[in-house]
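Please look at the sequence and the structure shown here, and keep both in view while reading the report that follows.

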Amino acid sequence: MGLQDIVLVLETYRGREKSMRTLQYGLLFITPLANENVRAALQTLSSQLGTTRVILRLFDDLPMLQYSLSCVKENKDKDALVRCLEVVGTVADQLYFPVEHLAWARDMKMLKGSSASLWHASLLLWGFSLILTISRSLRLIFLMKNRAKRATVEEKHKIDVMYRAELLTVIMQAADLLNALNWMPRRPWTKPFPVWQVRSRYTWRPWHLPFPLWQVGFLGLVSSLIGFSKFLSVQSL
């Protein structure tokens, strides 16, 4: 990638966002290699990049709404399960933005109240969306395998390309899902209750200790690099 290609990427909103995300998690990943003073600086810079991305997402509501409407109007000949997962995932994504905006506004003291519950809700929506996307990609992989059995040589090549793309999507979303689960608050059980009753005060992380920063950085970096490569491949078309 030459200088002109880098400039073209950075001149676009998505290119800047993905660049900041990659740098944000890359800084966390290399923290164990730095001394104590530099480590603190790396964490601060990573945090600032994350905050910048949150602020930039204040302008994502209308683009997301347009994308949501386009998904609803897409070809209805798709597999019913794939279409259902796409629609529900789009709804979760659409709800994520206003919830995050409200949480940010409370952090900035523009609105009264604690932001913790709203950040928690946005985290749940993000995790739910990731699970839906992973399920959708796995369903597409299953359908592609069945389709490949009766495809021609040329069709098999196209299916292989799509198969690899969906496999990368699964890896990318799974890495983000691990981080989302890691950021879930862990609180002690106060009393037993039926598993079907959802109560926010019982929210818990699946594992006892949170990931170290370098592990959070590694998972985020894997996801970011895959997303960046997908973005670049679309840009080159």
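## A buried threonine

Thr90 lies in helix α5, which covers residues 80-107, where a helix is a DSSP run of H or I with at least four residues, numbered from the N terminus. With a relative accessibility of 8%, Thr90 counts as buried, a word that means under 20% relative accessible area with a 1.4 Å probe and protein chains only. Leaving aside residues up to four places away in sequence, Thr90 touches Met64, Ser68 and Cys71, contact being heavy atoms within 4.5 Å.

## Basis of the model

This is a predicted model, in which local features need pLDDT of at least 70 and side-chain atom pairs count only at pLDDT 80 or more, while totals for chains, interfaces and linings use all residues. Residues are numbered from 1 along each chain as its sequence is written, and side-chain values use heavy atoms, with hydrogens and water left out.

## Two packed helices

Helix α2 (residues 13-29) packs against helix α3 (residues 36-56) at an angle of about 155°, and their axes are 8 Å apart. That makes α2 roughly antiparallel to α3, the term used for angles over 145 degrees. Among the residues that make the contact are Tyr13 and Met20 of α2, and Leu42 and Gly50 of α3.

## Aromatic rings

The structure holds 4 aromatic pairs, that is, rings of Phe, Tyr or Trp (its six-membered ring) whose centres lie within 6.5 Å. The rings of Tyr96 and Phe97 have centres 5.6 Å apart and planes at 85°, so this pair is edge-to-face, as planes over 60 degrees apart are called. Both Tyr96 and Phe97 are buried.

Definitions and conventions. Axes are lines fitted to C-alpha atoms, for helices over the stretch in contact, and angles run from 0 to 180 degrees between N-to-C directions. Angles under 35 degrees count as roughly parallel, over 145 as roughly antiparallel, 65 to 115 as roughly perpendicular and the rest as oblique. Rings of Phe, Tyr and Trp (its six-membered ring) pair if their centres lie within 6.5 Å; planes under 30 degrees apart count as stacked, over 60 as edge-to-face and the rest as tilted. Buried means under 20% relative accessible area, exposed over 50%, partly exposed in between (1.4 Å probe, protein chains only).
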